[in-house]
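Dear colleague,

I am pleased to hand over the structure below for your attention. The notes that follow set out what was found in it.

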Amino acid sequence: MSTVQPQMTEARRVLLQRTRNIGIIAHIDAGKTTTTERILFYTGKVHRPGEVHEGTATMDWMVQERERGITITAAATTCFWRDHRINIIDTPGHVDFTVEVERSLRVLDGGVVVFDGVQGVEPQSETVWRQADKYRVPRICFINKLDRIGANYVQAIEMIRERLRAQPAAIQWPIGLESEFRGIIDLIEFRAKIYHDDLGQHIEDTEVPPEYVEVAQEWRHKLIEQIVETDEELMLRYLEGEEPTPEELRRALRAATIRGQLYPVLCGSALKNKGVQLLLDAIVDYLPSPLDIPPVKGTHPVTGEELTREADDEAPFAALAFKIQSDPHVGRLTYVRVYSGRLHSSSYVYNSTKGERERISRLLRMHANHREEVEWIGAGDICAVIGLKKTFTGDTLCDPDHPILLEPIQFPEPVISVAVEPKTRADQDKLAIALQRLAEEDPTFQVRTDPESGQTIISGMGELHLEVIVDRMQREFKVAANIGRPQVAYKETITRPVRVEGRFVRQTGGRGQYGHVWLELEPLPRGSGFVFEDRIVGGVVPKEYIPAVE
Ligand code: GDP
């Protein structure tokens with residue numbers, strides 16, 4: 001048997017080198033939505049940045065997101081910067097949706113972590129950081145809100161070092177803070193950018209102001225030492241007294257970032273339009289292209305043989321479905337990340353998870369303010385597919401002649417349940433349809449019938465998760481239903497002992513197998529299956545802890 005080594009054309013290789021699949025991840029309120037909006041503004045796709053408080057943010061597709069000011073769906077949006085295509089996979093910031101964050105992390109290649117310049121590293125920043133560690137996602141850090149009273153850039157950097165145990169490499173220094181924040185020093189180039197207008201479009205590129213020369217030199221020196229430390233050749237030359245050029249520093253920092261050794265740190269104020277263009281430059285300069293990440297792993301669905309797939313258009317097709325959305329115009333949209341090969345419209349693919357053939361009808365690339373229909377997409381790209389009926393989040397799609405089963409996305413069990421009771425007979429039918437559709441979209445949302453009471457019980461990852469589901473049920477499916485009190489599930493089968501530092505604050509009566517437990521835990525128990533923040537949420541509680549409840 002002769003095998004022909006697949007060869008991508010040079011043009012496609014260059015295009016792939018110029019692709020960035022990124023997610024913007026943050027604690028709720030750190031400014032992720034505002035930063036995303038500004039990115040879409042500067043990349044020229046929307047005319048005026050949507051303000052979150054006005055409820056016009058383009059990425060916030062769902063009505064209740066606007067009302068709550070949080071982002072729930074993982075919409076993937078394409079934009080362009082410096083001849084690079086940036087696919088932004090939106091990730092939610094609320095603790096109840098960390099599973100959504102996790103599935104986004106599975107398909108993206110790099111992340112921008114947004115921190116609040118006053119709060120620094122917050123509990124949720126820590127949670128998402130650990131999730132990104134798990135998937136080895138290279139990251140850059142954006143210390144936002146430097147215009148706020150109490151903003152402290154150095155403290156945020158120190159918190160990254162201490163609380164996240166990561167090596168922050170500050171590549172910028174702010175000129176002024178709080179209401180005086182007016183510019184940014186690029187420590188690699190040793191140049192200053194001074195902002196002269198409210199929309200951040202009139203930027204003066206100038207010498208570092210004299211009063212900042214000393215501090216900027218000191219931080220530049222630290223940065224160079226950090227970078228040369230990761231590159232033997234630069235280190236040897238540095239020891240001989242030769243300073244690396246800005247180009248060499250960027251190249252070495254890019255390599256160190258992709259290896260997860262260093263985390264470039266930038267500063268700004270998304271709301272005041274400062275620092276976002278430089279953030280886009282850093283996305284291009286430091287975050288990996290699909291060619292920089294290791295080949296995706298999988299197995300042969302029949303033989304179990306281990307397989308890998310390189311990011312190559314000419315290799316057999318393999319993709320992962322990572323998000324299902326119902327769209328009012330075109331119906332069911334399945335977002336896929338293509339790892340290898342090409343996906344064509346009007347073609348058949350094999351869903352190796354389900355063992356079924358599926359037909360692709362159309363492919364859509366989603367931009368901030370329009371949708372582009374495309375004939376095909378290649379390796380390393382992301383798009384929305386119309387036509388898939390049996391494909392769910394986490395399923396592998398592949399070439400039927402070269403089947404592969406990619407490592408699935410792991411979804412935890414839901415931890416909180418409520419009973420839903422339709423108000424009328426007509427609502428009963430609508431409820432069944434609504435719940436089926438919602439469960440199809442969201443693998444962490446489950447529906448069952450309680451064998452004793454016959455009630456319909458819905459379960460999810462937290463109170464807010466279920467509130468959103470109930471809200472959508474009423475809004476999109478017009479179901480009138482009574483909702484019971486949330487019940488937090490506990491499990492008797494915990495395979496590994498969990499040490500919970502904290503206390504249970506309240507328990508009200510239990511019914512059937514469901515205990516009704518509220519917890520307040522601090523610090524976050526690692527690897528215990530709990531998802532807790534500084535607020536009471538609930539979780540899977542090992543039975544031996546139940547008597548400890550007050
Ligand atoms: P998300 O929850 O992380 O998506 O955060 P949002 O983008 O919704 O921002 C949360 C709040 O912080 C909103 O009221 C924003 O207007 C505000 N905000 C975002 N960026 C900045 C900033 O740079 N400076 C200040 N002062 N406020 C900001």
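**Strand pairing and the open sheet**

Thr299 has Leu405 of strand S24 as its bridge partner. Strand S12 (residues 296–299) and S24 run antiparallel and are joined by two bridges; strands count as paired if DSSP finds at least two bridges between them. Please note that this is a predicted model, in which local features need pLDDT of at least 70, side-chain atom pairs count only at pLDDT 80 or more, and totals for chains, interfaces and linings use all residues. Residues are numbered from 1 along each chain as its sequence is written.

S12 and S24 belong to an open sheet of three strands, in the order S13-S12-S24, with antiparallel pairing.

The chain contains 12 helices and 31 strands, taken as DSSP runs numbered from the N terminus (helices: H or I, at least four residues; strands: E, at least two). Of its 550 residues, 47% count as buried, that is, with 20 or more other C-beta atoms within 10 Å of their own, the C-beta atoms being placed from the backbone.

Beyond its neighbours within four places in sequence, Leu266 is in contact with residues including Cys141, Phe142, Leu278 and Ala282; contact requires C-beta atoms, placed from the backbone, within 7 Å.

**Helices H2 and H10**

The axes of H2 (residues 32–42) and H10 come within 10 Å and cross at roughly 85 degrees, the axes being lines fitted to C-alpha atoms over the stretch in contact, with angles from 0 to 180 degrees between N-to-C directions. H2 is therefore roughly perpendicular to H10, a term covering 65 to 115 degrees. Thr35, Arg38, Ile39 and Tyr42 of H2 make the contact with Val276, Gln277 and Leu280 of H10.

Yours sincerely

Terms used. Two residues are in contact if their C-beta atoms, placed from the backbone, lie within 7 Å. A residue is buried if 20 or more other C-beta atoms lie within 10 Å of its own, exposed if 12 or fewer, and partly exposed in between; C-beta atoms are placed from the backbone. Angles under 35 degrees count as roughly parallel, over 145 as roughly antiparallel, 65 to 115 as roughly perpendicular and the rest as oblique.
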